[in-house]
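I opened this one to look at ring pairs, helix packing and a strand residue. Notes follow in the order I looked things up.

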Amino acid sequence: MKLIIGLGNPGAKYAQTKHNIGFITLDEIAFQRGWTFNQSNFESVYAEGMVGTEKVILIKPQTYMNESGRSVRQWLDYYDCSEEDIVVVYDDMDLPIGKVRLRQKGGAGGHNGIKSMIDHLGTKQFNRLRIGVGRPYENQSVVSHVLSPFHKSTHEEVLLSVKKAADAALYWVEGHSFTDTMTQFN
């Protein structure tokens with residue numbers, strides 16, 4: 001079993017914001033596979049299906065970004081999964097819009113969703129799929145930047161990065177190691 005976790009904030013107010021690129025990527029995977037987010041459990045909404053012989057669950061924690069790890073911990077405990085069985089998809093201001101980077105470990109880098117994941121999982125070693133959202137404009141706060149939608153001029157780059165991130169996650173669940181997935185998509 002593989003869990004693909006998208007980080008974001010619930011509700012229409014946040015749906016198209018930079019901070020919700022993890023949710024947006026999971027929507028792309030669900031669209032590609034014909035899955036629907038029509039179930040809820042462990043403070044999340046989720047979709048599930050099979051990729052080959054692998055059961056895959058797409059998870060959108062509904063705890064708001066800063067408590068994402070609380071929901072994910074419940075999933076891991078219930079299914080007795082390890083950190084090796086998950087990939088966390090989230091926004092990264094240190095990457096330009098359109099860039100996708102995969103990592104197997106690291107700190108929070110100021111990202112409160114990842115800080116929550118580290119706190120609740122008790123480790124910094126879990127698969128990550130980071131999608132660039134760029135830096136705030138001059139005189140724009142970080143909060144204002146991540147809670148605002150992408151500028152229309154970046155629409156194509158955002159779509160391509162979401163598609164690439166979805167492809168990377170699916171490549172991984174098809175049975176490739178995360179190291180091989182990093183080699184293919186970084």
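Predicted model: local features only at pLDDT ≥ 70, side-chain atom pairs only at ≥ 80, totals over all residues.

**Entry 1: a strand residue.** I started at Ala47 and listed its contacts, skipping neighbours within four places in sequence: Trp35, Thr36, Phe37, Val56, Ile57 and Leu58 came up. Ala47 belongs to strand E3. Buried or exposed, I wondered about Ala47? Its relative accessibility comes out at 0%, so Ala47 is buried, the cut-off being under 20%. I also checked Ala47 against Asp27: they sit 20 residues apart along the chain, and their C-alpha atoms are 9.5 Å from each other.

**Entry 2: aromatic pairs.** Next I ran the ring search over the whole structure, and it returned eight aromatic pairs.

Trp75 and Tyr79 are four residues apart in helix H2, which means about one helical turn separates them. Tyr79 is partly exposed, at 27% relative accessible area. I then asked which residues form one aromatic cluster. The members are Phe42, Tyr46, Trp75, Tyr78 and Tyr79.

**Entry 3: charges over rings.** I found the charged end of Arg128 over the ring of Phe126, 4.2 Å from the ring centre. Lys18 lies over the face of Phe150, and there the distance to the ring centre is 5.6 Å.

**Entry 4: H5 and H6.** On to helices. H5 (residues 155–173) and H6 (residues 178–185) have axes that come within 9 Å and cross at roughly 150°. That angle is over 145 degrees, so I call H5 roughly antiparallel to H6. I have the crossing down as right-handed. Who makes the contact between H5 and H6? From H5 I listed Lys164, Asp167, Ala168, Tyr171 and Trp172, and from H6 Phe178, Asp180, Thr181, Gln184 and Phe185.

**Entry 5: H1 and H5.** H5 also packs with H1 (residues 21–33), at an angle of about 65° and with the axes 9 Å apart. I noted H1 and H5 as roughly perpendicular to each other, therefore. Their crossing is right-handed. On the H1 side I wrote down Ile21, Ile24, Thr25, Glu28, Ile29, Gln32 and Arg33; on the H5 side, Val158, Val162, Lys163, Ala165, Ala166, Asp167, Ala169 and Leu170. Asp167 is in my H5–H6 list and in my H1–H5 list.

Notes: Residues numbered from 1 in each chain as written. Heavy atoms only, no water. Phe/Tyr/Trp six-rings, centres within 6.5 Å; stacked < 30°, edge-to-face > 60°. Helix = DSSP H or I, 4+ residues; strand = E, 2+ residues; numbered from the N terminus. Buried < 20%, exposed > 50% of the residue type's maximum accessible area, 1.4 Å probe, protein only. Lys NZ or Arg CZ within 6 Å of the ring centre and 35° of its normal. Axes fitted to C-alpha atoms, helices over the stretch in contact; angles between N-to-C directions. Parallel < 35°, antiparallel > 145°, perpendicular 65-115°, else oblique. Left-handed = near helix turned anticlockwise from the far one by under 90°. Contact = heavy atoms within 4.5 Å.
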